[in-house]
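Hello,

Here is the structure I said I would pass on. My notes on what was found in it follow below.

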Amino acid sequence: MMSLYRHLSCGWMWRLLVVLLKLSLSLAGPLPSLNGTECTAKGPASYILVFTGHWSPQAFPKQYPLFRPPAQWSKLVAVSHNRHFHLWEEGGLASEGVQNFAEAGVTVEIMKGAKEARKRRSVAAMYRTAGIPNGIGHSSTELLILPRTPLLSLMVKVIPSPDWFVGVDSLNLCDGSQWKEEMTFDLQPYDAGTDSGFTFSSPNFPTNPPENITRITSQMPNHPANSFYYPRLKDLPPIASIKLTRQRRLPNRQSVMSNHILPNSIIPQRFSATPLDCEVSMWSSWGLCLGPCSKGGIRHRTRYILLPPANAGDPCPELEEQAECVPHSCLKRP
């Protein structure tokens, strides 16, 4: 009888423990995730990274830089890392390295920060390509990505610009136990938040205090002077793009791939021309009247073109206007 009692008592206690365990798990919620960045692939993967600039006067006609300097791209800076490192992040403040790169294209500090992170094993490798001397062009490099650092971040400065760049933040090249085969992404410009210039050729105007990194759109910043301000567009056309293609062989350390020799022929993307409406100044003050004040006298005012139309944008309005004289603005001829 005593053994039966002990058996029933143990069974009751076990069921109670199971109920309490289920209750605690339901109250605790799901276990914290690793943001989907864990990679269980068996080995490293090799990729060809191709950066393509689409910055043309047809797609971006407003204030398109033609000289001193003309439209071009800086060297590309890329880092392979894990979730404990960020090269840059939308909504966050720019580091000193990101500020120096976004404003002047200098990579010293940004590489120094990546090297420090590599000592902590949160960064695996850093890559750079040569710049592109035109708004349209390609650069490329070969990447070796490890399972423990499957994320890729990169930046390319828009030249000329106050502190604008394009890039990707923490792109995951691994999907569970498999490496992704091919990816293509359109890129939009970002403002590093460290310079308050509105146009490509704005003089240095530090933002104090610094602001967060934000994406530039066709209507943000919402100011007609901004070089990317196109109020007729819902979205800006892609100013650049990247393509990542997995290679079936690991990179040969003895042969470095040229920055401008691409693995396959790439057909440039065709984007529709962006319409640019004419922009004119405010009217000048009315001039003095010429002729008789009582009858037949006229006065004039003028305005001038700030930005000529392009790509079938709205034409310029009248630049001169005249009206009848009023007595207090007469000019009597000798």
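This is a predicted model: local features need pLDDT of at least 70, side-chain atom pairs count only at pLDDT 80 or more; totals for chains, interfaces and linings use all residues.

Gln63 is not a glycine, yet its phi is positive, at about 55°. Its relative accessibility is 31%, so Gln63 counts as partly exposed.

Ser170 also has a positive phi of about 55° without being a glycine. This residue belongs to strand E6. As background, most residues other than glycine have a negative phi, and most peptide bonds are trans.

The peptide bond that runs from Arg68 to Pro69 is cis, and its omega is near -15°. Pro69 is placed in the loop between E1 and strand E2, which covers 72–81. Ile159 and Pro160 are likewise joined by a cis peptide bond, with omega about -5°. Here the proline, Pro160, is in the loop that lies between strand E5 (151–159) and strand E6 (164–172).

Next, the cysteines. Searching the whole structure gives 1 disulfide. It is formed by Cys39 and Cys174, whose sulfur atoms are 2.1 Å apart. The torsion about the S-S bond of Cys39 and Cys174 is about 75°, and the disulfide is therefore right-handed. What does the pair tie together? Cys39 is in the loop between helix H1 (2–28) and strand E1 (45–54), while Cys174 is in strand E7 (residues 174–175), so the bond links parts that are 135 residues apart in sequence. Are Cys39 and Cys174 buried or exposed? Both of them are buried.

Lys75, Lys115, Arg118 and Arg128 make up a positive surface patch. Of these, Lys115 is located in helix H3, which spans residues 108–119. Lys115 has a relative accessible area of 45%, so this lysine is partly exposed.

If you open the model, the places to look up are Gln63 for its positive phi, Ser170 for the positive phi in its own backbone, the cis bonds at Pro69 and Pro160, the disulfide of Cys39 and Cys174, and the positive patch that includes Lys115.

Regards

How values were computed:
Residues are numbered from 1 along each chain as its sequence is written. Side-chain values use heavy atoms; hydrogens and water are left out. Patches are made of residues with over 30% relative accessible area and no salt bridge: like charges are joined within 9 Å, nonpolar side chains (Val, Leu, Ile, Met, Phe, Trp, Tyr) within 5 Å. Accessible areas come from the Shrake-Rupley method with a 1.4 Å probe; for residues, only the protein chains shown count as cover. A salt bridge is a side-chain nitrogen of Lys or Arg within 4 Å of a carboxyl oxygen of Asp or Glu. Lys and Arg count as positive and Asp and Glu as negative; His and the chain ends are not counted. The place of a charge is taken as NZ of Lys, CZ of Arg, CG of Asp or CD of Glu. Helices (H or I, at least four residues) and strands (E, at least two) are DSSP runs, numbered from the N terminus. Buried means under 20% relative accessible area, exposed over 50%, partly exposed in between (1.4 Å probe, protein chains only). A disulfide is a pair of cysteine sulfur atoms within 2.5 Å.
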